[in-house]
Amino acid sequence: MSENSLAIRKFSDLANPTRFLALAARVLPWFAGLTVLLFAAGLYLSFTTEGDYQQGETVRIMYVHVPAAWLSMMCYSVMAVSALGTLVWRHPLADVAARAAAPIGASFTFLALVTGSLWGKPMWGTWWVWDARLTSVFVLFLMYLGLMALNRAMDEPGKAAKVSAVLILVGFVNIPIIKFSVEWWNTLHQPASVLRLGGSAIDPEFLRPLLVMAVAFTMLFFTLHIAAMRNEIWRRRVTSMRRQAARSAGREV
Amino acid sequence: MMTHTAYVLASYGIAAVTVLALVLWVWTDGRARRRELQALEAAGIRRRSVQAGDVQ
């Protein structure tokens, strides 16, 4: 068997929800433990490193603001891949993944907006401006809320899956807009300084806590996402078992 | 006018509350669903795949 078909088989093995549940039970304690350790290290570094010579203490807001903002976009990208999984491969877990990710993504986007605002007031002198970066992230937040509302509004998971998958893919156009907004338009928000051509423009003193916090937030996302997917599979099982019970009760009468 | 430290503490405070709320929601949701499944199984209701002997 070629390596490629082996990889595909592994991927389709995961399509079995029972296998996914077994895997989730195995990895969740490790992921949760690792997340706690990373946050302990990240928070320690965040508060022990020096303040910025211009920004002073407020530079520490960066260690939650930037990871939350990265995660808000990564979460939407995970949802977009899941949407492709629903529409193209009809992977049974793809819709579960997209649905479970939406509230988590909304929370991270909310955090990015609030911490950004709390950083903006002392540094820019304003809580909010309607510049391209801030506005496009706000649109992302609204899209998360819209997708959550849509998922709740439709009873039939199969139908909701297709509609929200299409909507997720249409909304994905916003992700490159967020990423490049600081280059395409004249914004109050600063341009990228960590991931950029020519290397990072941040001093290692700030980069270290930032990267540890970014990994911690990423692990938090995966832990919560796997747990939320497991909950969603259970929720669907409960619904189908109740339906089955009602049907067999109807037959007995 | 808030001091710089107050902005930092407010940011970390809101982040902690949001993350804890999220963790708590996923946790309680999981517990509630697990209880429902256990109650259904206790009532003798099995999933069709399990009934058919396709236990995995």
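This is a predicted model: local features need pLDDT of at least 70, side-chain atom pairs count only at pLDDT 80 or more; totals for chains, interfaces and linings use all residues.

Author: B:Glu36, at 21% relative accessibility, counts as partly exposed, a class that lies between buried (under 20% relative accessible area) and exposed (over 50%), computed with a 1.4 Å probe on the protein chains only. The side chains of B:Glu36 and A:Arg242 meet in a salt bridge with 3.8 Å from N to O, the term standing for a side-chain nitrogen of Lys or Arg within 4 Å of a carboxyl oxygen of Asp or Glu.

Residues are numbered from 1 along each chain as its sequence is written, chains are lettered from A and ligands numbered from 1 in the order in which they are written, and side-chain values use heavy atoms, with hydrogens and water left out.

Across the interface of chain A and chain B the rule finds two salt bridges. Besides the pair already described, the side chains of B:Asp29 and A:Arg235 meet at 3.0 Å, N to O. B:Asp29 belongs to helix α1 (residues 4-42) of chain B and A:Arg235 to helix α8 of chain A, so this pair, too, joins two chains. B:Asp29 is buried, at 10% relative accessibility, whereas A:Arg235 is partly exposed at 28%.

A:Arg235 also forms a salt bridge within its own chain, to A:Glu232, with the closest N and O atoms 3.2 Å apart. Both residues lie in helix α8 of chain A, three residues apart, which is about one turn of the helix, and A:Glu232 counts as buried at 6% relative accessibility. These residues are part of a network of salt bridges that links A:Asp95, A:Arg99, A:Glu232, A:Arg235, A:Arg236, A:Arg242, B:Asp29, B:Arg33 and B:Glu36.

A:Asp95, one member of that network, is found in helix α4 of chain A and is buried at 8% relative accessibility. Leaving aside residues up to four places away in sequence, A:Asp95 touches A:Thr86, A:Pro157, A:Ala161, A:Ser164 and A:Arg236, contact meaning heavy atoms within 4.5 Å.

As for the interface as a whole, the contact takes 39 residues from chain A and 29 residues from chain B. The area buried between the chains is about 3,300 Å², of which carbon and sulfur atoms give 73%; buried area is the accessible area (1.4 Å probe) that two parts lose on being put together, summed over both. In chain A, A:Trp234, A:Met241 and A:Gln244 lose the most area to chain B, together 19% of what that side buries.

Technical notes. Helices (H or I, at least four residues) and strands (E, at least two) are DSSP runs, numbered from the N terminus.
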